[in-house]
Structure formats: C-alpha cells, structure tokens
Amino acid sequence: MRLKRFCFLIFLPLLLLASVDLNVIVAQQPPFSCDSTNSFPFCKASLPISERVRDLVSRLTLDEKISQLVNKAPGIPSLGIPNYEWWSESLHGVSGAGPGIRFFNGTIRSATSFPQVILTAASFDAHLWYRIGRAIGIEARAIYNAGQATGMTFWAPNINLFRDPRWGRGQETPGEDPFVTGRYSVSYVRGVQGDSFEGGSLDYNHLQASACCKHFTAYDLDNWKGTNRYVFDAHVSLQDLADTYQPPFQSCIKEGKASGIMCAYNRVNGVPNCADFNLLTKTARGQWDFNGYIVSDCDAVKIIHDAQGYAKKPGDAIGDVLRAGMDVNCGSYLQKHTKAAIKEKKVLESDIDRALHNLFSIRMRLGLFNGNPKQQPFGNIGPNDVCSQEHQGLALKAARDGIVLLKNSAKLLPLPKTKSISLAVVGPNANSATTLIGNYYGPPCKSITPLQALQSYVKNTQFEMGCNDVSCSSVSINKAVELAREADYVILIMGLDQTQEKESLDRVDLVLPGKQQSLVSSVSKAAKKPVILVLLSGGPVDISFAKYDKNIGSILWAGYPGESGAIALAEIIFGDHNPGGRLPVTWYPQEYTKVPMTDMRMRPDPASGYPGRTYRFYQGRKVFKFGYGLSYSAHSYEFVSVTKQKLYLNQSADLQAVKKSDSGHYVSVADIGNEPCERMKFLAVIGVKNLGEMSSKHSVLLFVRKANLQHGSPVESLVGFQTLHTNAGERAEIKFALSPCDHFSRADEGGSLVMEEGSHLLVVGEEEYPVTVV
C-alpha cells in the first residue's frame, strides 16, 4: 500500500504534464557563438582564452563594451554573439528565481530540489555536499543544452556565516562555523563546475557550469528593526574578519577555484563592498589568486549613490566599482551611466576592457564560443539527466542524513510499524509541500507532504491543522485536543516558513510564532502517550518549554528538507532510517534577542554584558549547542593514537621570530613559513563504537579547545569532521590530519594568525587528549 501511494505521488507531476498542450513544448537549440561560418580569431578554440578574449574585445565599439557590463548582456549581431544572462540561481537545485533559466515552453519542467542548505550542512558530510553540487551542475547543463537557459553562471553558494539566529537568510547557509562553511563551499563549487571531489581535475578551459561565492563580505543582516542591508555599515574588527568572516571566501576561491564572486550590498567599516579595492583586487585577486568575474548584488552600484550617499554622483559610483575590480552590475546602472562617467573622466576605457576580459573569459570557459555546445564537452547531457532516479535518490539521502533528533525520552522513537495503530497529525506545516522547499527553488520533481508520507505508514491517520497558518494567530485547540485523546500516537508538525524568515525578512523573536506553543502544550497534555514534535525551520527556535516537558517525548528538527523531505521524515519516525544529523548552528534562548543584530562583534565583552556569537565565542545559556544531535544508537569514542603530543615553536621558526607577551611566548604563523608548518602536521586516530541495536551513519566532530582562554581565543573550534557507517555493535577507526598552523592558531587584534605556547585539548564527544605547544 505504501509503495503504491508513493508511486502515485512521484508520477503525479508527469500526469499533469501529459495534460499540457504538447504543441507548445518545442525542442530548442542552446544559444552559442562561433558557428562554422565564423572565422574570427576569438572563435578558434585552439588559441589560449586570453588571446581569444583580447581579439574579441578589440572588435567592440565603446557602446557595445558598455552594453556588456550588466547582467542582461545584449547580443552583438555583427560578431555573431547572442545575448547572455549572467543571473541564474542554484542554491539547492536549479532554480527559477533568476531570469537565466526557464521551466516553461520547453522539454524540462522541473529540477531536483535538494534540502535547503542549512539542513544539508547538518549531515556534516563533505562528499554528500559535493555530490549535490555535481547533480546541480549536470542538471544546469542539461537545461542549457535543451535551449531553456540564456546563461550558465549560477549565483550560489551563499557562504556568509549564520552569525545571528534571527537572520532570514541563515537558511541558505551551511551554518555558523567558518571551517564547515569553507568545506561546504569547496565541495559545492567543485561539484557544480565539474571538478573532482579532491580538486585539481578540472580543465581550466572547460567549466560544466559556473559557481559564484556570495555575498562578499560580512553580509548577514537583511531587514531588522528599521536597519536594512542596503544602508547597513558593518563595523568589523580585523581580528573578526581574519578568523570568522573571510575564511569561507578564501577557501571557496583558493581551494574550490570558484569562477565567480558576488560583492555584497552593505558597507564594511565605511566602504561599500563593491567599491572596495582592498577587498576585490588586493585580497581576492592578489592574495587568493582569484581568476573569474565579480558581480554586484542586484542594484548594489545604484545603492552606493542613491541610498548610502558614498558616491556624490552616478559617475563616481561607476568609477568606484570598476576601479575596485567589479566586472558586471546586476541591474542597469552601468548601462545608463558609464558613458557619462567616461566623459567626466571618472572611469577609463581600460577599466572596462579589464572587466570585459574577465566576463568573456568565463563565457569561453563554459564552451559558449566553441560552436554548438551539444558537440562539445558536456554536450551529451540532456533531459534524462534532470530529475533522474539517481538525483532524486540523492535528495532523499540528503534529507535523511540531515534531519536532527533533538530529544527521545524513553526511546519513544522509532514508532512501531503496526497496522493496528492510530495516528493523529496536528500542525500548520503538516500538509504543506511548499514549506519543505524553502527559498530560491525551482519546480520540484515531485511533491509530497509530511501528512501524505505518514499516511503511507499508518492507514488510520487523522489530521487537524490546529492553526490558521504558521503565524498561528487563531487556533482550533479543542479540535486538536479531541483528536489527540483518541489516537495511539500524536505527531505535531510546527515551526516556521517563508512568511516568518526569508530574504528581506529577519525575525525579531526566537520563539514559535503566535499561539503555536499553546497548541503544542495543550495537545501534548491531552494525548495518551508523550507526543512527537517536528519543527520545520531554517533558523533556530527557542523550544525550551518542549525540551523539558515530559509530555513531549521526542523532538525532530527537519529544516526545510526539500522534495523528498517528507519521505525521509516518515522513514525516521518509523525506524526505516537511523537519524544522524547534527545542528550546524547554536540554538539560542529568547533572551538573546536583547543583543542588537547590528553588533558584528564575535567575541564577548563581559564588562558590557555582550555575550559573543556562535559556539566559538558565545558565553551564555544555550537551548541546544552547535553539533548536537541524537541517534537511535549510542556511540562511544577513544583516542587510539596521536602522533605528536608536543609541538616546539623554537624548532619551527627562527628564534628571532618568537616573541614574548604577558602570558608567554608566541610566533606569527607567517614567520613560521610553509615548510615548517607542513612538518608540524600530525594524525589523530579515533576509535568509534556503535553501542546500539541499529546500523547508523554517524558524524564524528573533532574540536580543539585551549586549556586557558586569553586574548579572545575561541572557546573551542571545530577542526575536522567525518561520517562513519557502522553496524550494531561494530567498532571502526577514523583518521584526522591536523595542521597546527591552521588549527592551533588564533587571530590577533591586527588580523594576523599567531601560535601561542600552552596546552590544547583535542575533544571528541566527552573524550579529551592534550597536545602542548612549547
């Protein structure tokens, strides 16, 4: 029965498609340059891309050059160049949010919708992240080959830190940890662009699709209590930039080899990101060897003049961003004002040529100037590669591996798979497939609600919404209570949706909206047995009341789990999958809302009562800590071996480089140098045993904690994570490679990494192992 129901739901979109007038479904050729009649040098694939671009740009008039500086780049008929759209989205699947992709009037009507990024991150599985990126890149290329795209540049991933729990876009990110976020960015970018998981296999001249790391930098406020992202000036210390805000972008560029960066709306220390030469040119291109294009967030150049008042005239804004190193404007501002800026001598034509070199290089690397893309690398990818069984299975796996079990008193879960039981399902998120998808989505391959997935396990399932919607401004508590009294088991599916948190909408509270808590408490008190509470949300919620309520036996956080999230949730509830997800962000209490969202400081200030941010620095009460997550199987750890117990600074650096402070000796990581840093690396081998009665996929998180906190050192920092499959009772070992220059250092107030003498602790679970720097 369950299989038949799922088959019907899975094939329902195909049945609906069959009812569409097939005459409007037209196979189209993808747009490209350089057919067999074109003999320009820029069309010769045998020449270096730099030489081809130089030839192309030399053939453009000034007006044609200016026309290419915006996301809707028009065609150049005299050279056989079609129009190009730089703006496409692929946050957790190819999306219809950008104008570069269309899911209508073509053969492809949907794309695989993976879990929203915050839930995918909860798997702590870098290889899974890579596989998702690879699937997205394949589906993107298939849509292009089908003639349903006018661009192959995708503005993802979002790798800003989930610094504040109220941020409406935190759902789009891999969480609050810079190391995790950096690893996610590398895995995703390599997958989308067609590289291997390890990196280094991608031919520079052949991008499968182009990924873009955004929003550069220190962007994590949208609209909070009258302060919006367009005018916000983020005051960020060099110390916080060095160890929190910048590392994910450095990883994305240096290791992931991302071909795009998006500069953010906001200012940092007074300077708009898109007008910051130090950020875009000196740091990204100079220090990190970025080789790609830089795009503004949409209308960010216009805002520099209109909203921020940083530029006195439009021409000043144009000159600021082009000299800073930005290449293309999402919007039309450069198209309207660049000609005048040249006349006013605010910008040089050479600045435009530099931008065009970066832009056309990307289009050539995508193979769009090599003739028909169907006859080039990636040309054999087609409609059958979109919504494939492999990709839909991957979406289900990602949801299974991300969902986090937060409470399971008296082993209430998993529920028995007995035909005779009755089930009551209550809550505004129980019968909504849209909520599962999150934001920046495309039409999913299939659509299944949590209620439908649960009904496939229990025929006698009754449903009561309980609230008018997620805002829960009006409730039908009596009906929900009556239903709960009669059922053997009760599942409440509550939380948030895009009316509560999204782009341009930050939260002001951390508790459940409206009367949701009252509904949960009333139903759980009336039920025969302790109830199961399921939360759908991107950001954390203060559910302290549920954590300590004996009538609430189990709590699951399911994020926004994508097109297959309902199936994954039902599988976990009924024991067909053992949950192993861990929270990628701290869950703060409601009193944290007293902290201004505009305060960018990471480190606490006890004198003023400022508690700090993220698990690395926050000193306050937590509802649930970063990395928390239960399983149906308990696991034990042991340090089997650590190849170095002491690290000697005076052997790794010149004695003159070792400096002394009030608390002891320290040395700059830059003074140590690459070779000594390599020699200091060591291995930690950890034994893990599955103590339960079920097989599990378990994420092992390794932290470093300094024995004595000083100089703003983190409380602890994640330095490694791996996933491990074990059967019931099985023991296995995993290795972590540790780099002291990276993992045992901290940023000083000037933003330089330093290593200090003293004791550090390797921490996994409750186990600790000391390593001393002397």
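Mentor: The model is predicted, so local features need pLDDT of at least 70 and side-chain atom pairs count only at pLDDT 80 or more, while totals for chains, interfaces and linings use all residues. Residues are numbered from 1 along each chain as its sequence is written, and side-chain values use heavy atoms, with hydrogens and water left out.

H2 and H13 are oblique to each other. Helix H2 covers residues 49-58 and helix H13 residues 349-365; they pack at an angle of about 125°, and their axes are 9 Å apart. Helices (H or I, at least four residues) and strands (E, at least two) are DSSP runs, numbered from the N terminus. An axis is a line fitted to C-alpha atoms, for helices over the stretch in contact, and angles run from 0 to 180 degrees between N-to-C directions. Angles under 35 degrees count as roughly parallel, over 145 as roughly antiparallel, 65 to 115 as roughly perpendicular and the rest as oblique.

The crossing of H2 and H13 is right-handed, a word used if the near helix is turned clockwise from the far one by less than a right angle, with anticlockwise giving left-handed. On the H2 side, the contact (heavy atoms within 4.5 Å) is made by Ile 49, Ser 50, Arg 52, Val 53, Leu 56 and Val 57. H13 contributes Asp 353, Leu 356, His 357, Phe 360, Ser 361, Met 364 and Arg 365. By class, seven residues of this contact are nonpolar, three polar and three charged. Ala, Val, Leu, Ile, Met, Phe, Trp, Tyr, Cys and Pro count as nonpolar, Asp, Glu, Lys and Arg as charged, and the others, Gly among them, as polar.

Helix H11 (residues 314-324) and helix H12 (residues 333-343) have axes that come within 9 Å and cross at roughly 100°. That angle makes H11 roughly perpendicular to H12. Their meeting involves Pro 314, Gly 315, Ala 317, Ile 318, Val 321 and Leu 322 from H11, and Tyr 333, Leu 334, His 337, Thr 338 and Ala 341 from H12. Eight residues of this contact are nonpolar and three polar, with no charged residues.

Helix H16 (residues 477-486) packs with helix H17 (residues 516-526) at an angle of about 30°, the axes being 8 Å apart. H16 and H17 are therefore roughly parallel to each other, and their crossing is right-handed. Ile 477, Ala 480, Val 481, Ala 484 and Arg 485 of H16 meet Ser 518, Leu 519, Ser 522, Val 523 and Ala 526 of H17. This contact has seven nonpolar, two polar and one charged residues.

Lastly, some details of the backbone deserve attention. Most residues other than glycine have a negative phi, and most peptide bonds are trans. The peptide bond from Lys 214 to His 215 is cis, with omega near 0°, and His 215 is found in strand S4 (residues 210-216). The bond from Leu 413 to Pro 414 is cis, with omega near 0°; Pro 414 is placed in the loop between strand S12 (404-408) and strand S13 (423-426). Lys 225, a residue other than glycine, has a positive phi, near 50°, and is found in the loop between strand S5 (223-224) and strand S6 (227-228).
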